[in-house]
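Welcome, and please take a moment with the model below. We will look at the ligand site and then at the aromatic rings.

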Amino acid sequence: MSLGNNERSMLRAMLSNASRNWTLTEILEATEWTDQVHVAGAGQALSEAGLVEISETSSRRVVLGTEGQKAASEGLLESRIWDWLQMSEESERNMQGLFSVGFERHEAGPGVGLLKSLGVKVESGSFVWDNEDTVSATIASRTSFIQSLADSGEDADSLDSSLIEHFQGRKDLIEIEESTTRNWTLTKAGVDTKVEDLQEVEQIGEITPELLQGESWRDAEFKPFDVNAPAPIPTGGRPHPMQALIERIRSVFLEMGFSEIEGDYVQSAGWNMDALFIPQSHPARTMQDTFYLNNPEKVDVAPEMLDLWAKVHEHGHDTGSKGWGVELDKEEAQTGLLWTHTTVNTVRHIAENPHEPCRVFGIGRVFRQETIDRTHLPEFHQIEGIIHEPDANLPMLISTLKTFYAKMGYPDVRVRPAYFPYTEPSVEVEVYWRGEWLELGGSGIFRPEVTEPLGTEWPVCAWGMGLERLAMLVLDLDDIRELYQPDLERLSKMPIL
Ligand code: PHE
C-alpha cells in the first residue's frame, strides 16, 4: 500500500508518541496542519490501511436559542408574569392588568397559557391559584435550567431530560447540537512502521494542461484516489420532479412528431361531456364526481354546437347511430365546471381544424371528486393526445402509446379492451407495478357521434393518460401524495430526470 504525503505526515506525527490516543487538536499541532479536513482524510486512509484505529464518540450539547438568550437575561415569560401576579393587587390580576404593566399581546396569550398549565386558573376574568409553592418551584427550576446554559451550553447527559423535553416544545428557547468527536490511535501495524519509510514522496495530485504538455508526468508517481470514498452529496436548486417529468414527456412527444396544444380548465358541461356523447344521465356527471362552478355558473356554447349535440344525443343525427333517445338539455350543457379530463382540449382542436390532419398532445391539470388514497388525487394531470388523419387506425394508436412508454423507460405496457362512451374500440393501457396491473390511462378511436358534430369524417386515435401514475413509476414512489408534499429533503433525493 503506497501512502500519500498526508498519510505519511500524520503517521510520522503519531509515531512520536506511539501509544497515545490522539485528539484532533493534538494531531493538528503535531502535523502543523491548519485544516481538520486533512486529519479526517488521512486518518480514514490510514485506518483503511490498517495502521490506525478511529474511535468516535457522539455528544449532544444543549445551548440557548434566540428566545433562550433573551430569557436568560430578562427572565422566562412565565416567570415575569408570575412575579407580577404575586406583587399585584387582586383587582389587577386580569388581562387588562397584564397589558397595563407593559406585556405585549403576543406575550400575554402564550404567557397565560404557560401559567394555566402550571395550575393558575382564570375565574370571571381574574387569575387565581391555590398552589403557589409548586408554581414557584417549577418556575425556579426552569429558570435555573436556562441560566445554566447561559455561557456555552451543557452536555445533554448532565441535564434534566424532562426539562430538555419541555423546552424543546417551546419555540427557539433551546437548541440541541449533535457532534461527533474522533480519536486516533496506532494499531500494532502502525506502531511497527519505520519512520524512515515515511519520507515525503513526489506525487502528482492534479492533472493540469501544463503537466500534460511536458514529459515529466511519464515517470511520476500519481496520488491514488478512492472513487468509492464517501463524500457529501452536493445539493442545489433543481426543478421540481413533476416539472422535470413534464419537460421530458414534452420532448418525447415533440420527438415523435407531435405538436403541443393548451386549454383552459374552466369549461362547459357541453364540451366536457355532451361533445363526447356522454349521456346527460351519466353517473360521472353527478356532483360526487365533477366539480361544478358557482362562478362562472354558466359558460356559453355556440348554438350550432348545441344543436348538433342535441340531434346526436336524441336520435344519432347522420352518424348511423340511434343516439341515446333522450332530449338534450341545452341549459345543462352550458353549466360551468372544472374539466374532468383534457379530452376537451383535443375535441376542441378538431372542431377548430376539422380539415387539417394533425398529431397533437397536451398536458393539463384535471379535477375529479376522488377520495384521496395511495393512487388517487382530486387534482392530477393528464397527458392527452390525438392522431387525426384519413388513415388513423387502432394499431397506429397502440404502437404510438407503446412507443411513448418505451421512450419513457417502460417497454412492458399491456393494452386491454375497455369502455368509454366516446370511443369504439376502447383500450386501456396498464403497466405491471409492484405485483399488480396499474392503470395508466384510456384510449380508443372516437365514435362518429363525437367526430361528426366536430366536422370531420376521418378517424381519430385518442388517449388520455395519468401523469402522476407515470411519475410514481419513474420516481419509484409508494404513494402518489409524496409528489406534492413540500418535503425538501425527500424532493432533493428524487432522481434527476
Ligand atoms: N378521457 C379519458 C379519461 O379521462 C381517457 C380517454 C381519452 C379515453 C381519450 C379515450 C380517449 O380517463
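Predicted model: local features only at pLDDT ≥ 70, side-chain atom pairs only at ≥ 80, totals over all residues.

Residues are numbered from 1 along each chain as its sequence is written, and side-chain values use heavy atoms, leaving out hydrogens and water.

The shell around the ligand holds 13 residues, of which His341, Thr343, Arg368, Gln382 and Tyr422 come nearest; to be near, a residue needs a heavy atom within 4 Å.

| Side chain | Ligand atom | Distance |
|---|---|---|
| His341 | nitrogen | 3.0 Å |
| Arg368 | oxygen | 2.7 Å |
| Tyr422 | nitrogen | 2.8 Å |

Taken alone, the ligand exposes 320 Å², and the protein buries 92% of that (Shrake-Rupley areas, 1.4 Å probe). Strands (DSSP E runs of at least two residues) and helices (H or I runs of at least four) are numbered from the N terminus. β12 (379-388), β15 (436-446) and β16 (460-466) each give two or more residues to the shell, and β16 gives the most, with 3 residues.

Turning to the rings, the whole structure has 13 aromatic pairs, meaning Phe, Tyr or Trp (six-membered) ring centres within 6.5 Å. Phe253 and Phe361 count as stacked (planes under 30 degrees apart) because their planes lie at 20°, with centres 5.0 Å apart. This pair links distant parts of the chain, with Phe253 in helix α12 (residues 241-255) and Phe361 in strand β11 (residues 358-367), 108 residues apart.

How values were computed
Polar contact = N/O pair within 3.5 Å; in protein donor to acceptor, adjacent residues only side chain to side chain. Phe/Tyr/Trp six-rings, centres within 6.5 Å; stacked < 30°, edge-to-face > 60°.
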